[in-house]
Amino acid sequence: MRNKIFILILFVVLLTGCSTSNEIVNKTYDVDVEINDISEAFIPAAEKGVQSSIGVSGYVRSNIFGTWELKSVGSGVVYYGKAVLNDGTTIDDITETKERSDVNYYLYRAITNYHVVNAASRDVMTKVYLSKIDLLVDAVVLGKNIYEDLAVVEFQTSIYIPIISFGDSDKVKTGEIVLAVGNPEGYKYADSVSLGIISNAKRYVDVDRDLNNDGRNDWSGACEYLQHDASINSGNSGGALINIKGELIGINTMKLVDTSNTIEGMGFAIPIEEATTYADKIVNGEDVSRPFLGIQMYEASMDYYAKQYGVDPMPGVLIGAVTDNSPASKAGLRVGDVITRIGNKDVTGVASLRYELYKYSAGDVISITYVRNGQTNSAKLTLATQ
C-alpha cells in the first residue's frame, strides 16, 4: 500500500525591481508526494544490524583480593562463526545449523575497538554481552591493533547469532543513509539504533596513540574514516555502521566533542575494508608496526611553508628535514622536496601521505614521486620501522 505525505511548502519570492521599494510575496502550495513505505525500509536493515551486534566489557583487578572491576563497556559486531557439532565435526556455514539439534556450541569472532578491550593493567578479563538472553559470557582477545583502534574477540555460546554481511566501504558516497548500532551509555540501552547520513566518505584525521600505556601519547599518525552524523555516544565504540541494506560498512570508533558541547553529529567509523584487512592480520598474528620515511613533514599547499623553503605552493608534503641513515636519506630525498605520490596514489597532504604509507610494512620497496626545483622525479626506497 502506498503512503501519501502532503507537504506544505512555503515559497518566499523576493521581487526586486528598479524602484526604491521591494515587494515580498508569500505563496503556499499543496504538493502531493507519494512515498513507498520509506519508514519500513529501515526496519530490515536495523534488524540485521541488531542481530549481529554484541556488547564488549573489559574488567581489571581492583585490589589485592582479586576483585574484578568493570573498566570499559563498548560494542562489537560478529563477522565470523562456525558450529561445533556433538560429534566434534564443524560447519563453517552456520546458517545451515540454525534448526539443527546436534550443535554443541558456536564459536564466534567479533570486531571491536582497541580502546574497548585495552587497559593499563596486564591482568585483564574480557566478556561479551548477549542482549537477546541478557547474559555475559567469557571472551578471549585474539589480538589488538592500537594504530587503527581495532581488536578481535572470540567467544563460545549455544545461541545462534547471524553473521553480519559486508558492504563495500570503498563505494560509500557522501549523503548515503546509514544506521549506527550499539550500546550507548552501556547495556541499559543495548541494541540502540540511530539514523544519519555519510557526511564525508573519505575523511583523513590525525590521531595520537599511547603505545606503552604510560599515559602519554608517543605516536601520531593519520587514519581514514567515514564521517557521519548518526548519533553515537560512549558505549557505541566498536559498534556497527550499516547501510540501508543492513550491510556492515564501518566500525564506529570516535566522535568529535568539545567542552562547550557545541559540536553535534560528527562521528567517525573505520571503513570496513580496512577493518577486515587488519582483523585478518590480527587473527594471523601478523606484525602491525608502522613504517617510516625519516622526514619532517609540512603541508606543501600552505604559503607559509612553501615560502620558507622556496617552493611553489602545491598539493603534497614538503620535506623539512631528513633523518640520517633513514629510508628517505638513502633514496636521496632532500629538504625542500615535495612528495606528490606514493606508488600510484596521489599525496595531497601530511594526513594522506601517512595514510598511504601505513598500508605498507617494513621491508617493502615503494616508489616515491617528488618535485625538486620544479622538476618531477621518482625514487625507490625500502621502508623501515622506527
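D337 and R372 form a salt bridge, with the closest N and O atoms 2.8 Å apart. A salt bridge here is a side-chain nitrogen of Lys or Arg within 4 Å of a carboxyl oxygen of Asp or Glu. D337 sits in the loop between α5 (327-330) and β19 (338-342), and R372 in strand β21 (residues 365-372), so the pair ties together parts that are 35 residues apart in sequence. Helices (H or I, at least four residues) and strands (E, at least two) are DSSP runs, numbered from the N terminus. D337 is buried, at 2% relative accessibility. R372 is also buried, at 18%. Buried means under 20% relative accessible area, exposed over 50%, and partly exposed in between (1.4 Å probe, protein chains only).

The model is predicted: local features need pLDDT of at least 70, side-chain atom pairs count only at pLDDT 80 or more, and totals for chains, interfaces and linings use all residues. Residues are numbered from 1 along each chain as its sequence is written, and side-chain values use heavy atoms, with hydrogens and water left out.

The protein chain contains 6 helices and 23 strands. Of its 386 residues, 45% are buried. Among contacts (heavy atoms within 4.5 Å) between residues at least 6 apart in sequence, 60% join residues at least 24 apart. The chain exposes about 20400 Å², of which carbon and sulfur atoms supply 49%. Accessible areas come from the Shrake-Rupley method with a 1.4 Å probe; for residues, only the protein chains shown count as cover.

In the whole structure, 7 salt bridges are found. Side chains of opposite charge can pair when their charged atoms come close. K127 is buried, at 17% relative accessibility, whereas D138 is exposed, at 53%. R100 and D102 also meet through their side chains in a salt bridge (2.7 Å, N to O). R100 is partly exposed, at 37%. D102 is partly exposed as well, at 25%.

The largest nonpolar core has 27 residues. Such a core is a set of buried Ala, Val, Leu, Ile, Met, Phe, Trp, Tyr and Cys residues joined through side-chain atoms within 4.5 Å. I111, L150, Y225, L248 and I251 touch the most other members. Helix α3 (residues 272-283) supplies the largest share of this core, 5 residues. Another core, of 21 residues, lies apart from it; A139, V153, F155 and I161 are among its members.

T112 lies in strand β6 (residues 103-112). T112 is buried, with a relative accessible area of 0%. A polar atom of its side chain lies 2.6 Å from the backbone oxygen of S75. Beyond its neighbours within four places in sequence, T112 is in contact with V56, S75, G76, V117, D149, L150, A151, V153, S237 and G238. Among these contacts, L150 belongs to the largest nonpolar core, and V153 to the other core.

On the surface, I177, L195, I197 and I244 form a nonpolar patch, with about 310 Å² of accessible area together. Patches are made of residues with over 30% relative accessible area and no salt bridge: like charges are joined within 9 Å, nonpolar side chains (Val, Leu, Ile, Met, Phe, Trp, Tyr) within 5 Å. L195 is in strand β11 (residues 192-209). At 48% relative accessibility, L195 is partly exposed.

Key. A polar contact is a pair of N or O atoms within 3.5 Å; within protein, one must be able to donate a hydrogen and the other to accept it, and residues adjacent in sequence count only if both atoms are side-chain atoms.
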